[in-house]
Amino acid sequence: MDLASAGLSEQPFRTHGKPMLTVPYASHREALKALRQSIQAPDGVVLLQGPALSGKSTVVSQFVDTLDAECATAVIDGNELNTAQLLQAILRQFGYELDYNSANELFGMLRVFALQQAARHQAPLLIIENAHALKASALRTVCELAELRVRQASAIRTSALRLILVSDRSLRAIASDDLLEPILERTTADLHMRPMSSKETSYYLQQKLRAAGSLVPEYVFPGSVCEALHKAAGGWPGIVDRLALLALAKASALPISLEHIEQPKLPKGTWDETGLEATELPGGSPTDPPRLIVSKDGRPIRAMRFDKPRLLIGRSEHNDIAIPSRFVSRHHLLLVRNGSSTFLMDLNSTNGTLVNSKRVSNQVLVHNDVISLGHHRIKFHDPYATSRGTLDGMDFADTTIMKTLEDMRKLLAQENTEILPAASADSRNKNKHSA
């Protein structure tokens, strides 16, 4: 069927180049928000992962379009690039005319450029798509770039280059810890694209048809066909586009019927490789408890739901989350849950608590916040926690905080009593005679 016969003035489901219309959905909005937040973080690295056709490139493109023209930005396809090729591609996008060929000279040029920009509080942004397909030498170079630091007027050393790595596979699962350590240490957002829901798929299809000229998109793709397209595509937007395009091409008349829908083999989500699928799957409602994902040196070691009024974290085994590390105090921090909000309190710990690389004494947590305790990280997952606000603005009454602290003091007092050695019969008799 040609486009005019379907009531369309242009192709709504483009499979190459920039899409005619970007239709947001939950995972798209979450990823876009995290990318925007990463621009503000002085040491932030974002890992954006998802299978082919999961919408990563659309998110990156929309994000880049919103950046200030003064922000030096390079978007590189890392597929099969070695060190020299990677550095050449980056420098060209930063506006350099290249007269050098050696990797050392190219790296030196990029290093000077990044340090100069960062010293002016304009650290350049490097986005590498297909980061999983970089050659090992190029990946090591990316890690060296991640370690570049510049000292600001405040004497604080910040990263000279902001990084967003985009991959069709889980970056944590495909590389050794030693190779990616400089990147994993700086990671503030480890994002995995998720498919659209059935409702989102229907909205996605109808909005694209309407933008392409259809007056009644529900007639082109009836509800049953939208549901079948969602199921056949697994909710992945790029696959939805391809199946919708094929269905239009195969049909001879409207409406499109179920027999026109292909049934392709579907990719798995990149979260499958992390072992956290059950924990990190989105959805639910604002009343669902947040999720906490604990990792050490970039490797997930525990995932749990925060379904209690409060949660104590520290080195002692009496904590709700015990972290056996010399960098963690016996009772390091407390998380308090009140209504739909979560509040973090540092308990005067020796080494302090960092949230998104910034030291805090108290903090209202939002989705994808990363709490750092020494070599350990705790990722806070609550898609409905979108506003940091203030303590008063988050409905944390003083009485709630004081009651929580009083409960904690009782717990600590009980713990201190339990660890005292029990008095023996001989010692009691001895004390009795001495009295």
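**Residues, strands and helices**

Me: In this predicted model, is Asn348 buried or exposed?
Reply: The relative accessible area of Asn348 is 75%, and a residue counts as exposed when this value is over 50%. Asn348 has its place in the loop between β13 (341-346) and β14 (353-355). With that area, Asn348 is therefore exposed.

Me: What is the phi of Asn348?
Reply: Most residues other than glycine have a negative phi. Asn348 is a residue other than glycine with a positive value, and its phi is near 55 degrees.

Me: Where is Glu80 placed, and what is its relative accessible area?
Reply: Glu80 is found in the loop between β2 and α3, and its phi, near 65 degrees, is positive although the residue is not glycine.

Me: Which peptide bond is cis, and what is its omega?
Reply: Most peptide bonds are trans. The bond from Leu254 to Pro255 is cis, and Pro255 lies in the loop between α11 (237-250) and α12 (277-280). The omega of this bond is near -5 degrees.

Me: In what order do the 5 strands of the open parallel sheet stand?
Reply: The strands β2 (73-77) and β7 (187-192) each have a single partner strand, so they stand at the edges and one side of each is left without a neighbour in the sheet. On average, and with direction ignored, neighbouring strands of this sheet are turned by 10 degrees against each other. The order of the 5 strands is β2-β3-β6-β1-β7.

Me: Which residue of β6 is the bridge partner of Leu48?
Reply: Strand β1 (residues 45-49) pairs with strand β6 (residues 162-167) in the parallel sense, and 5 bridges are found between them. For Leu48, the bridge partner in β6 is Val166.

Me: At what angle to β7 does helix α1 run?
Reply: Helix α1 (residues 26-40) lies across β1, β3 (125-129), β6 and β7, while α3 lies across β2 and β3 and runs at about 145 degrees to β2. For α1 and β7, the angle is about 165 degrees.

Me: How are α3 and α5 oriented to each other?
Reply: Helix α3 (residues 83-93) and helix α5 (residues 136-146) pack with their axes 7 Å apart and at an angle of about 50 degrees. Angles under 35 degrees would count as roughly parallel, and those from 65 to 115 as roughly perpendicular. The two helices are therefore oblique.

Me: How many nonpolar, polar and charged residues make the contact of α3 with α5?
Reply: From α3, the residues Thr83, Leu86 and Leu87 take part, and from α5 the residues Ser137, Ala138, Thr141 and Val142. Sorted by class, they are 4 nonpolar, 3 polar and no charged residues.

Me: Why is β18 described as largely enclosed by the rest of the structure?
Reply: His376, Ile378 and Phe380 point one way from β18, while Arg377, Lys379 and His381 point the other way, and all are buried. Strand β18 (residues 376-381) is largely enclosed because the number of its residues that are buried is 6 of the 6.

Me: Which residue in the turn between β17 and β18 has a positive phi?
Reply: Strand β17 (residues 370-373) and β18 run antiparallel and are joined by 4 bridges, and Leu373 has His376 as its bridge partner in β18. The two strands form a hairpin with 2 residues between them. The residue in the turn, with a phi of about 60 degrees, is Gly374.

Me: How far apart in space are Pro300 and His376?
Reply: Pro300 has its place in strand β9 (residues 299-305), and this residue is partly exposed, with a relative accessible area of 31%. In sequence, Pro300 and His376 are 76 residues apart. From C-alpha to C-alpha, their separation in space is 9.6 Å.

Terms used: Residues are numbered from 1 along each chain as its sequence is written. This is a predicted model: local features need pLDDT of at least 70, side-chain atom pairs count only at pLDDT 80 or more; totals for chains, interfaces and linings use all residues. Side-chain values use heavy atoms; hydrogens and water are left out. Axes are lines fitted to C-alpha atoms, for helices over the stretch in contact, and angles run from 0 to 180 degrees between N-to-C directions. Angles under 35 degrees count as roughly parallel, over 145 as roughly antiparallel, 65 to 115 as roughly perpendicular and the rest as oblique. Contact means heavy atoms within 4.5 Å. Ala, Val, Leu, Ile, Met, Phe, Trp, Tyr, Cys and Pro count as nonpolar, Asp, Glu, Lys and Arg as charged, and the others, Gly among them, as polar. Buried means under 20% relative accessible area, exposed over 50%, partly exposed in between (1.4 Å probe, protein chains only). Two strands pair if DSSP finds at least two bridges between them.
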